[in-house]
Amino acid sequence: MNKAYDIVIVGGGPAGLAAAIAARESGTQSVIILERGEQLGGILNQCIHNGFGLHTFKEELTGPEYAHRFIQKVIDMGIEYKLDTMVMDISPERAVTAMNREDGMFVIDAKAVILAMGCRERPRGALNIPGYRPAGIFSAGTAQRLVNIEGYMPGREVVILGSGDIGLIMARRMTLEGAKVKCVAELMPYSGGLKRNIVQCLDDFGIPLLLSHTVVDIEGKEHITAVTIAEVGADRRPIKGTEVRYTCDTLLLSCGLIPENELSTSAGVRLSPITNGPVVNESLETSIPGVFACGNVLHVHDLVDYVSEEAAKAGQTAARYAQGAVEKGGREIEIHAGGGARYTVPSTVCIDRMDDRLTVRFRAGDVYKDAYVSVYFDEARVMRKKKRIIAPGEMEQIILSREQMKEYPDLKTITVKIER
Amino acid sequence: MYDVIIIGAGVIGCAVARYLSAYDADVLVLEKNEDVCAGTSKANSAIVHSGYDAENGTLKARFNVEGNCMMDELCRELDVPFERIGSLTVCTDEGDIPALEELRQRGINNGVEGLRIVRRDELLSMEPNIGDDVAAALYAPTAGIICPFKLTIALGENAAVNGAQFKFDTEVKKVYREGGLWHIVTDDAEYTSRAVVNAAGVYSDIFNNMVSTRKLNITPRRGDYILLDRSVGGYVRHTIFQLPTKLGKGVLVTPTVHGNTIVGPTAYDTEDREETATSADGIDSVIAKSAISVKGLPTRQVITSFAGLRAHEDGGEFVLGEAEDAEDFYNCAGIESPGLSAAPAIGKYTARLIKDRLQLGEKADFIKERKDILDPSALSIEERNELIRREPAYGTIVCRCESVTEGEILDAIRRPLGARSLDGVKRRTRAGMGRCQAGFCSPKVMEILRRELGVELTDITKSGGGSYIVSSRTKDGD
Amino acid sequence: MEIRELTCINCPMGCLLTVTMDGDTVTDISGYTCPRGKTYAEKEVTNPTRIVTSTVRVEGGRSERVPCKTESDIPKDKIFDVMREIDAATAQAPVVIGETLIHDVAGTGVDVIATASAI
């Protein structure tokens with residue numbers, strides 16, 4: 001095989017697919033996607049529920065259908081891809097080492113690399129739930145794969161810890177497949193899932209959502225037989241005397257997603273301690289020149305539409321880089337998150353390199369009602385937008401305009417704030 | 001009829017089997033779990049003690065030091081990861097230095113080499129993250145770290161290659177002597193043998209008490225641990241113990257041979273011999289106590305917590321050798337810490353006793369070496385590609401977190417005493433042991449096990465018995 | 001007179017909507033903050049519908065299940081009737097994305113279609 005490509009894309013999920021298409025549309029011919037799974041589409045293949053693509057296609061698709069539209073385009077455009085191929089290492093010089101059964105281990109020299117590895121679920125261990133460690137405890141996504149792809153049921157009596165969207169979706173899936181879902185316990189006083197999922201996955205089937213609750217004990221030496229759930233106080237510690245025992249044969253965990261950045265780390269890419277994803281500039285370029293990041297490996301998104309949009313941008317900027325068309329230098333302006341905003345992506349912007357408009361995405365650390373999203377150029381507030389609701393579960397965004405930034409020639413720091 | 005039946009396939013039972021398999025003897029190992037290393041041997045600190053801790057003249061002292069000395073050669077023969085990284089037993093008060101000195105003297109008497117007291121200045125260069133209050137430490141350079149799974153599996157596998165038979169999922173219900181032979185009654189059969197080895201861990205008092213009037217009493221002592229991600233690797237370079245104080249025994253912080261960090265254990269006496277449930281208090285106390293010896297340990301990087309049971313006998317001592325009033329019944333009972341360190345010495349000693357008594361000859365074709373599952377990451381790209389050309393399964397990564405290939409998993413299943421469950425695969429290959437804790441790879445490993453064992457996916461278990469993973473097919477309409 | 005309470009699904013506000021009904025007629029809706037909430041409440045009490053997604057058994061191919069959905073939404077109270085037919089159905093490989101797997105599922109007039117291909 002060819003040992004040099006203009007752009008190597010690590011991951012063939014929604015981010016990698018959209019990045020590949022955009023890179024090709026931006027005039028870069030030599031593009032290859034390396035995908036570790038047996039098919040393109042990534043996690044969308046197991047997300048068989050509907051609700052994808054309302055922004056992108058103005059219709060509601062299931063995960064596999066959404067993926068199919070991008071996969072078809074990749075195939076129609078003749079973009080190269082390799083399946084069942086694991087990227088083992090990325091060097092700071094953008095040598096990508098990968099491996100599969102047919103080619104063995106090989107190295108591709110890339111002019112630009114796009115990181116699109118996605119994220120993984122937080123496992124039980126990280127939650128420090130006491131008790132036994134029997135069979136029957138799954139992260140919600142593992143159960144989703146078993147049920148939707150392999151066609152097997154983990155069990156018939158289910159308790160779910162964490163009200164992330166995958167957990168909510170699995171509550172409905174398990175119910176439709178004949179299981180009894182006893183409750184969904186959520187440590188926080190609010191759910192990180194979409195309202196629509198709470199109504200259509202829980203309320204529709206009479207499944208109780210226990211906010212400010214957590215699992216305090218797991219019973220069963222070989223296979224799980226019961227869990228004990230207790231209410232938690234404001235300090236998120238269990239309150240004695242509130243324990244309720246639920247018999248179950250399955251415990252699903254839906255307690256958050258973590259960008260999968262082991263490869264990025266080994267390449268020396270600088271990560272944000274908040275997002276656990278790379279720190280990027282306006283071009284979605286990481287701390288290593290020519291290495292770009294998009295999708296859930298960059299920061300965990302709420303909707304796949306935004307993943308596709310962001311990835312397309314990374315595809316364009318990576319293509320520009322690979323073509324040597326990037327303006328070197330230029331002044332970097334920092335973008336800070338403040339007052340309730342936890343982070344921003346990107347975290348720097350260069351006026352010379354940015355497009356006319358730049359989307360800055362961020363998330364809130366808490367639920368805010370009737371609050372304002374404000375943007376400050378140094379000390380001056382240049383934007384103030386009222387929002388009825390801002391919740392940690394949903395990504396927010398603001399648009400920066402190049403014209404407006406040019407009016408502030410000494411601009412050093414842009415701050416995005418949520419203000420009451 | 002067997003020459004020797006060993007009850008229990010933990011590290012002790014497997015060590016005895018391995019050393020016995022060097023002699024001409026029919027050996028049978030009976031294990032109630034589905035795999036070796038399923039009890040105390042699987043959940044401990046994964047360290048090899050230097051041997052200064054046990055009181056002079058005790059079996060604990062003798063076998064610890066002997067076992068420690070045997071470890072290099074044994075691990076070379078059996079291809080088991082073992083590193084002599086040394087241990088540091090720290091105190092936080094200058095006034096405790098005499099106590100360290102006392103330990104040092106005890107160690108010297110036990111035959112431990114290289115012990116010395118290290119003051120804070122030197123300590124800082126050895127362990128930059130040592131706690132701010134740590135004043136001094138007893139340095140024991142011969143202490144090491146080992147993979148207890150790999151050691152037990154290697155001992156068992158090597159015994160099996162040399163002819164020892166293993167029966168799993170077989171619980172011994174009764175042991176009695178009749179007609180000059182031992183009769184071992186299990187759930188579904190009765191076996192006879194000339195000699196019996198009691199290596200039943202937390203159950204070893206029960207078997208002893210069936211045959212001997214010299215009663216033992218084992219109290220399972222639970223220890224909670226947390227395991228930190230490899231991203232924390234290198235935070236400590238030695239096994240760091242805390243000098244026991246009036247406030248308690250303290251916890252250890254140690255790297256593992258796989259680059260993780262272990263913190264623990266607690267000590268709770270229980271009634272239940274299977275009570276391996278962790279407690280919130282236990283985990284909290286482990287984390288709190290670790291701060292005394294190591295500062296800023298990133299305990300948020302915990303990937304799992306677990307609890308193990310130590311078989312604490314009332315006498316606080318190993319119970320080894322033939323029971324006084326039960327001929328050819330050999331105890332390896334009360335094996336708590338430093339049991340893992342002592343295991344090779346206990347195995348060798350017990351095998352020798354039996355050899356002498358039963359007049360066993362040396363096996364001419366004893367194979368003393370064994371190769372572990374190939375680690376492709378240790379190969380050059382060229383070697384690796386040659387391997388993949390020959391065995392394409394080595395080109396497929398199944399476990400992303402630990403980079404385990406399908407080839408390694410197939411090897412783990414196909415070799416003698418091969419893996420039959422997810423935990424079996426995990427302990428042999430580390431698939432599922434990483435930061436995602438099998439979230440991604442478990443469906444794939446299940447599928448490989450199903451294919452290799454020729455069973456249904458619903459028959460695949462986490463660790464044998466009733467630990468099934470999936471209960472039924474979808475669309476089965478029950 | 002019947003009073004029904006709903007949670008609006010249109011945004012994270014999750015407004016608590018109160019609908020007063022006289023038989024099948026909506027007489028009052030309160031609690032919404034925007035017109036979308038009102039529209040949602042009306043539909044949800046008079047004609048609640050859902051898209052059902054699941055998998056269908058596949059024979060004769062490599063995959064044993066193929067994901068599916070009702071091509072458009074079906075009455076909410078028919079969800080389990082639809083699931084019964086989906087559970088009983090079997091498709092023959094190869095299945096092409098968009099292919100009809102069940103015609104007029106549970107008398108809803110809606111087809112169940114494959115949402116992925118299966119070989």
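In the predicted model, the domain assignment divides chain A into domain 1 (1-120 + 256-326), domain 2 (123-255) and domain 3 (328-420). Over C-alpha atoms, the centres of domain 1 of chain A and domain 3 of chain A are separated by 25 Å. Contact between these two domains involves 15 residues of domain 1 of chain A and 15 residues of domain 3 of chain A. On the side of domain 1 of chain A that touches domain 3 of chain A, seven residues are nonpolar, six are polar and two are charged.

Chain A also meets chain B, with 39 residues of chain A in contact with 40 residues of chain B. Several elements of chain A each contribute at least two residues to the side that touches chain B, namely β7 (95-100), β8 (104-115), β9 (119-121), α4 (140-150) and β11 (152-153). The largest share of this side of chain A, six residues, is supplied by α4(A). In composition, the side of chain A that touches chain B comprises 15 nonpolar, 11 polar and 13 charged residues. Strand pairing extends across the two chains: β11(A) is joined by two bridges, in the antiparallel sense, to strand β23 (residues 472-473) of chain B. Within β23(B), the residue that stands opposite A:M153 is B:S472.

Chain B contains 12 helices and 23 strands. Its radius of gyration is 22 Å, close to the 23 Å that the globule rule gives for 478 residues, and chain B is therefore as compact as a globular protein of that length. Along the principal axes, the C-alpha atoms of chain B fill a box of roughly 60 × 55 × 50 Å. Buried residues make up 59% of the 478 residues of chain B. Of the contacts in chain B between residues at least 6 apart in sequence, 72% join residues at least 24 apart. The domain assignment of chain B gives domain 1 (83-144 + 219-307) and domain 2 (376-459), and the C-alpha centres of these two domains of chain B lie 33 Å apart.

One loop position in chain B was examined individually. B:G248 is located in the loop between β14 (239-242) and β15 (252-255) of chain B. Because 12 other C-beta atoms lie within 10 Å of B:G248, this residue is exposed, the category being assigned at 12 or fewer. Although B:G248 and B:V236 are 12 residues apart in sequence, their C-alpha atoms are 22 Å apart in space.

Chain C comprises two helices and 10 strands, and its elements follow the order β-β-β-α-β-β-β-β-α-β-β-β from the N terminus on. The radius of gyration of chain C is 18 Å, well over the 14 Å that the globule rule gives for 119 residues, so chain C is more spread out than a compact globule. The C-alpha atoms of chain C fill a box of roughly 55 × 30 × 15 Å along the principal axes. Of the 119 residues of chain C, 34% are buried. Among contacts in chain C with a separation of 6 or more, 44% are between residues 24 or more positions apart.

Three strands of chain C form an open sheet in the order β1-β2-β3, with antiparallel pairing. Since β1 (2-7) and β3 of chain C stand at the edges and each have a single partner strand, one side of each is left without a neighbour in the sheet. Neighbouring strands of this sheet are turned against each other by 25 degrees on average, direction ignored. The antiparallel pairing of β1(C) with β2(C) runs over six bridges, and C:I3 has C:T20 in β2(C) as its bridge partner. Helix α1 (residues 35-46) of chain C packs on the sheet and touches β1, β2 and β3 of chain C; the direction of this helix makes about 145 degrees with that of β3(C).

The antiparallel strands β2 (residues 16-22) and β3 (residues 25-30) of chain C are joined by five bridges, with C:T18 standing opposite C:S30 in β3(C). In the hairpin that these strands form, two residues lie between β2(C) and β3(C), and C:G23 takes a positive phi near 65 degrees.

Key. Residues numbered from 1 in each chain as written. Chains lettered and ligands numbered in written order. Predicted model: local features only at pLDDT ≥ 70, side-chain atom pairs only at ≥ 80, totals over all residues. Contact = placed C-beta atoms within 7 Å. Helix = DSSP H or I, 4+ residues; strand = E, 2+ residues; numbered from the N terminus. Nonpolar A, V, L, I, M, F, W, Y, C, P; charged D, E, K, R; others polar. Pairing = 2+ DSSP bridges. Rg over C-alpha atoms; globule rule 2.2 N^0.38 Å. Buried ≥ 20, exposed ≤ 12 C-beta atoms within 10 Å, placed from the backbone. Domains from an automatic or database assignment. Axes fitted to C-alpha atoms, helices over the stretch in contact; angles between N-to-C directions.
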